[in-house]
Structures are given as C-alpha cells and as structure tokens.
Amino acid sequence: MEGPQIRFDHFLEQFPQIELPMTFSDDTARTMSKEIPPLSPRVIEQYILPLEPGMADELTDFVACLRLPDADDYVGLVYWRADLAQYHYTLVTINLKTQELIDRMVIAGTSYDGEEVTQSHCVLTEALMIYQVSGQSPGGTFDYTASNSTARRFQIAESGKIVEM
C-alpha cells in the first residue's frame with residue numbers, strides 16, 4: 001500500500017462507542033450514516049478489506065457502526081457493508097496486542113441471490129449476547145413467515161471468540 005500508514009488507534013476512533021442494547025435492521029445503517037462520517041478509502045483499504053472474504057469494488061460502501069465496550073484483550077467492531085444485491089452488518093473481534101483478527105461474523109443483513117431473499121436482524125445486548133432471527137423468501141419480495149424463520153444466539157467470549165449458544 002502506498003502512502004502513510006494509518007495508526008490502529010485512529011482506525012478504532014472511527015467506530016463510536018454506542019450504548020447497548022442495539023438492534024441491527026434495515027434502517028440502522030441509514031440512521032447511523034447520518035451521524036457518523038464515512039470511512040476514508042485509506043482506512044477501508046488498510047483495515048476493512050483485509051477482514052472481508054470477498055472482493056469489493058467502487059460500488060461497495062462501508063459504514064463504521066459501533067465499537068463494543070472495552071475488553072482486556074480484544075476490541076469488537078461492527079460495520080455495515082453494502083454491495084449491489086446485498087448489505088450486511090459484520091461483527092469482528094481483533095486482538096489488541098497483535099491487531100490480528102480473532103473472529104468474524106455477519107450478524108444481520110439482506111441478500112438476494114436471484115432466486116431467494118434472505119433477511120436477518122439481530123439484537124446485541126449489554127452482556128455481549130447476539131440474538132439473531134433469519135428468514136428466506138422466494139422471489140424479489142420478502143414476506144415474513146415465522147415458520148420459515150430460524151432463531152440463533154451467540155455470545156462474545158472473554159477471548160473475543162463468537163460462540164453459538
């Protein structure tokens with residue numbers, strides 16, 4: 001990467017510490033992006049893209065959503081990624097000493113694969129529990145049906161690992 005490197009603490013400052021619980025749904029990123037300045041291309045290139053398992057192009061958007069309350073050995077961050085046919089909220093935990101990824105999980109979002117719409121919402125609690133509900137529907141519209149939904153719960157362990165309960 002050309003040019004000066006961005007300090008890790010500057011990267012972390014891009015993520016506001018917001019009081020939990022927090023619900024992640026369709027409107028969350030829109031609301032947050034009105035209050036949080038956009039991430040610079042250099043921050044995205046240096047810190048976000050290495051965490052992402054897919055390609056990003058000039059149409060890909062990222063918004064810093066929140067930083068979890070301070071932990072001893074890791075920092076937890078949630079960001080929003082929007083691509084052409086999908087958007088999602090991703091929770092990452094990063095080792096504070098080594099700045100290496102501990103764990104990564106898409107916690108909410110919407111995607112369309114040409115046949116099915118998949119939609120997930122979640123609540124992240126003060127106890128660092130993640131309650132997630134997901135559903136799928138055929139076609140371009142989403143009609144919520146409880147019987148077609150799955151509910152899962154996770155917790156962020158003291159180590160920073162995201163563990164299904």
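Buried residues make up 44% of the 165 residues in the protein chain; buried means under 20% relative accessible area, exposed over 50% and partly exposed in between, with a 1.4 Å probe and protein chains only. The model is predicted: local features need pLDDT of at least 70, side-chain atom pairs count only at pLDDT 80 or more, and totals for chains, interfaces and linings use all residues. Residues are numbered from 1 along each chain as its sequence is written, and side-chain values use heavy atoms, with hydrogens and water left out.

**Whole chain**

Show the chain as a cartoon. It has three helices and nine strands, taken as DSSP runs numbered from the N terminus (helices H or I, at least four residues; strands E, at least two). The order along the sequence is α-β-α-α-β-β-β-β-β-β-β-β. The radius of gyration is 16 Å, close to the 15 Å from the globule rule for 165 residues, so the chain is as compact as a globular protein of that length. That radius is taken over C-alpha atoms, and the rule is 2.2 Å times the number of residues to the power 0.38. The C-alpha trace spans about 50 × 35 × 25 Å along its principal axes.

**Helix H3**

Select residues 41–48, helix H3. Its buried residues are Val 43, Ile 44, Gln 46, Tyr 47 and Ile 48. What covers them? The cover includes helix H1 (8–13), strand E2 (61–67) and strand E3 (74–83).

**Cys 65**

Stay with strand E2 and pick Cys 65. Cys 65 counts as buried because its relative accessibility is 0%. Beyond four places in sequence, its contacts (heavy atoms within 4.5 Å) include Phe 15, Phe 24, Met 32, Trp 80 and Tyr 89.

**Largest pocket**

Move to the largest pocket, which holds about 210 Å³ of space. A pocket is an open set of points on a 1 Å grid over the protein atoms alone, where a 1.4 Å probe fits, with protein on both sides within 12 Å along at least five of seven lines; lining residues have an atom within 4 Å of a point. Grid points are joined across faces, edges and corners, and the volume is the space filled by probe spheres set on them. Of the 17 lining residues, Val 106, Ala 108, Gly 109, Thr 118 and Ser 120 are the closest to the centre. Which strand gives the most to the lining? E5 does, with seven residues. E4 (86–95), E5 (101–112), E6 (116–124), E7 (129–138) and E8 (149–156) each supply at least two.

**Gln 132**

Select Gln 132 in strand E7. At 5% relative accessibility, Gln 132 counts as buried. Its side chain reaches the backbone oxygen of Val 106 at 3.5 Å. Gln 132 also touches His 121, Cys 122, Arg 152 and Phe 154, among others.

**Backbone stops**

Most residues other than glycine have a negative phi, and most peptide bonds are trans.

- Leu 20 to Pro 21: the peptide bond is cis, with omega near 10°. Pro 21 is in the loop between H1 and strand E1 (22–24).
- Gln 99: phi is positive, about 60°, although the residue is not a glycine. Gln 99 lies in the loop between E4 and E5 and is partly exposed at 42% relative accessibility.
- Leu 128: phi is again positive, about 60°. Leu 128 sits in the loop between E6 and E7 and is buried, with a relative accessible area of 16%.

Technical notes. Polar contact = N/O pair within 3.5 Å; in protein donor to acceptor, adjacent residues only side chain to side chain.
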